[in-house]
Amino acid sequence: MLRTNTIQLLHIVEEASSNYHYHLSVTGADGKPALCGYRQTMHTHMRLSTWNGKPSRLPAGYCSACTEAAANMGVVVPEAEEDTRTFRK
Ligand SMILES: [Zn+2]
């Protein structure tokens, strides 16, 4: 189990190929894989506390695999208030 300050190391990253589909990353660096393994990511400046938040304007999707991976790391991220998964597979 990692220490609780791991939360400071997680970043919200966005899919490079489509807008408003978000993943979690340890590094937050462009092109580095997200926790779920998704690799085509871009930086965002979103705070981790906004994870699973309702979108202000356009539909947003938050990766459930990244959420689960964060939980497995001992990092508590906000849970969705409703099903906001809008990923196109
Ligand atoms: Zn993901």
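Visitor: Is Cys-36 buried, exposed or partly exposed?

Guide: Happy to start there, with a predicted model in which local features need pLDDT of at least 70, side-chain atom pairs count only at pLDDT 80 or more, and totals for chains, interfaces and linings use all residues. Residues are numbered from 1 along each chain as its sequence is written. With C-beta atoms placed from the backbone, a residue is buried if 20 or more others lie within 10 Å of its own, exposed if 12 or fewer, and partly exposed in between. Cys-36 has 17 other C-beta atoms within 10 Å, so Cys-36 is partly exposed.

Visitor: Which residues does Cys-36 touch, leaving out those up to four places away in sequence?

Guide: Cys-36 sits in the loop between S2 and strand S3 (41-43); strands (E, at least two residues) and helices (H or I, at least four) are DSSP runs, numbered from the N terminus. A contact means C-beta atoms, placed from the backbone, within 7 Å. By that rule the partners of Cys-36 are His-23, Cys-63, Ala-65, Cys-66 and Ala-69.

Visitor: In what order do the elements run from the N terminus on?

Guide: The chain has 1 helix and 4 strands. Their order is β-β-β-β-α.

Terms used. Two residues are in contact if their C-beta atoms, placed from the backbone, lie within 7 Å.
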